[in-house]
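The points are grouped by topic and can be followed alongside the model.

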Amino acid sequence: MTSLRSFDDTGAMIRTGRGCVGRRGVVSSGRAEASEIGASILERGGNAIDAAVATAFALGVCEPNASGIGGGGFMLLRDGRAGDVVFLDFREKAPMAVTPDFYPRPEDGSNVAADQSNIYGGKSVAVPGDVCGLLYALERYGTMTPRDVIAPAVKLAREGYLVTPLLHEDIKAHREQLLQYGDGWRIYLKDGAPYPVGAVLRNPDLADTLERIAEGGADVFYKGDIARRIVEAVQRDGGVMTLQDLADYAVRVREPVRTVYRGIEVVSSPPPSSGGTHVVEILNTLENFDVGALTVNSPAYLHLFSEVFKMAYADRAAYMGDPAFVNVPLTGLLNKDYAKTLAARVDLTKAHAPACGDPKQYESISTTHFSIGDREGNLVAVTKTINHFFGSCVVPEGLGFLLNDQMCDFSIDPSSPNCVLGGKIPLSSMSPTFLLRDGRPMAVVGSPGGIRIISTVAQVVSKLADHGMTVEEAVCSPRMADALDGVLLCEGRVPRETTDALEAMGHKVRRLDDWDRVMGSANSIQYTKDGIVGQADPRRDGFAKGI
């Protein structure tokens, strides 16, 4: 069991000591156990993809509130020899029988079904892609066997891991749902109460499931007994997933989105993730301002980012969806001339309400993140999720893993480009991102955090590029967020006089905790003359480990 702890004897979070420097490779992830497992794979001669798959399976064990084999995600990977970048989409899909009226619409117009059935229980579960995606990456780009990379996660599940304050609070918050849906209470509750902070939590059912996958591959998960138990758990509570939905699941290989910002090539996630597109849109817009001349987190700095964020999020709401079902004006959204029109709308003296632009005229025809890099220039950025913390709270009998509630990422408004429909992939904000300078690796960035992923990644990239920060400085710097609800969020480390000045400019500001979990967990790495520097985000439980 790891000796690294994200909390002290009183249960308070330790914000320091989350980084490392490696000569041969670095893993920066959401748990120390997972980073150590990934680094051990590199130590044994595995490449960055081998380490990524091992890290991902381990996170599903020790960070079950955020990801796992009942979910899905995205992987951005780079071949260090050829320099080729590949984007793997193993996001969950809606079961084929789902229709636009699948959920009762609430009177308040929100996106939570009137009976909450798109956030808890079987109707909230989309077809998981995690196992298919990870093993696809391993088979095509790794060097080790499934048994090699899954064995450490099996051991972790059998021997157990420490319950952190964050995990304890998540179990506590979802106690009633864990009691209601399937087998979750057997794993996460002891005598009806959440496991206490510092306790060792073991999950032998998950260990058995992972051993079966290690032996038989993805078919073990998507066909046969495991698939049958998943479908039974989903249908027991009104869901419509079938064995055919699972058997038909396949990984999509997509072309990443790109831009050049201050001479740095930025490579990120394409639709159906909105994340990379709008990170690029934000950076393209910021490029029209002298961001480097602004003091980080000054009123002028935060105001500019707020105004740019609001326009990007308005475009996201107006245009983004699964490109197999809707016509996403991708070329326009990525266009630098379009970004100039957005920049021209920014008033540097006062706040404005968010409004989308018209990118079409520029057309030419919840969650975890980890970053890995090695000295050969192989890079992997993975953002994956079960959506809300603890997902649907459904655990199929005897399997030991939580199923996602990814159906909540669809809109229940039939007029939305992201409306719910069978076979469709829900919109995401996940933004695994590479930064390259002169064709060589500079940094790997990404974050969990729902719609705030986009703003988090954009801030980290800007701080690296505009202000020359180290990865530690960029990750640990106070963050802000602004989307479509008219509220500018600022971490409490931003001075009170700064937020007062923002309110005088017309912003409605809400101050958060000093290190607020809602601002994501940007577990990142940076290539420097001294080696590969890893920095895990102290807002959550992460650690970086190097070799």
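**Briefing on selected local features**

Asn297 sits in the loop that runs between helix 12 and helix 13 (299-319). The model is a predicted one.

- Most residues other than glycine have a negative phi, and most peptide bonds are trans.
- Pro271 and Pro272 are joined by a cis peptide bond, with omega at about 20°.
- Pro272 belongs to the loop between strand 11 and helix 12.

- Pro270 is found in the loop between strand 11 (264-268) and helix 12.
- With a relative accessible area of 3%, Pro270 is buried.
- Pro256 is 14 residues from Pro270 in sequence, yet their C-alpha atoms are 5.2 Å apart in space.
- Once residues up to four places away in sequence are set aside, Pro270 touches Phe87, Arg254, Glu255, Pro256 and Val257.
- Thr277 is part of helix 12 (residues 275-286), and at 0% relative accessibility Thr277 counts as buried.
- Beyond its neighbours within four places in sequence, Thr277 has contacts that include Val257, Ser269 and Pro271.
- Met320, Leu330, Leu333 and Leu334 are also among the contacts of Thr277.

**Strand 14 and its partners**

- Of the 5 residues in strand 14 (residues 433-437), 4 are buried, which leaves the strand mostly covered.
- Strand 14 pairs with strand 11 in the antiparallel sense, over 3 bridges.
- Val266 has Leu435, in strand 14, as its bridge partner.
- Strand 14 also runs antiparallel to strand 15 (residues 440-445), and 5 bridges join them.
- Arg437 stands opposite Arg440, which lies in strand 15.
- Strands 14 and 15 form a hairpin with 2 residues between them.
- Asp438, in the turn of this hairpin, has a positive phi of about 55°.

**Aromatic rings**

- How many aromatic pairs are there in the model? The count comes to 8.
- In one of them, the ring centres of Phe74 and Phe87 are 5.3 Å apart and the planes meet at 35°, so the pair is tilted.
- Phe74 lies in strand 3 (residues 72-78) and Phe87 in strand 4 (residues 85-90), so their pair ties together parts 13 residues apart in sequence.
- Phe74 and Phe87 are both buried.
- The rings of Phe221 and Tyr222 have centres 4.8 Å apart and planes at 65°, so this pair is edge-to-face.
- Phe221 counts as buried at 0% relative accessibility, and Tyr222 is buried with a relative accessible area of 5%.
- Phe221, Tyr222, Tyr249 and Phe401 are linked into a cluster by ring pairs.

**Charges over rings**

- Arg493 lies over the face of Trp515, 3.5 Å from the ring centre.
- Arg517 lies over the face of Phe389, 4.0 Å from the ring centre.

Definitions and conventions
Residues numbered from 1 in each chain as written. Predicted model: local features only at pLDDT ≥ 70, side-chain atom pairs only at ≥ 80, totals over all residues. Heavy atoms only, no water. Phe/Tyr/Trp six-rings, centres within 6.5 Å; stacked < 30°, edge-to-face > 60°. Buried < 20%, exposed > 50% of the residue type's maximum accessible area, 1.4 Å probe, protein only. Lys NZ or Arg CZ within 6 Å of the ring centre and 35° of its normal. Contact = heavy atoms within 4.5 Å. Pairing = 2+ DSSP bridges.
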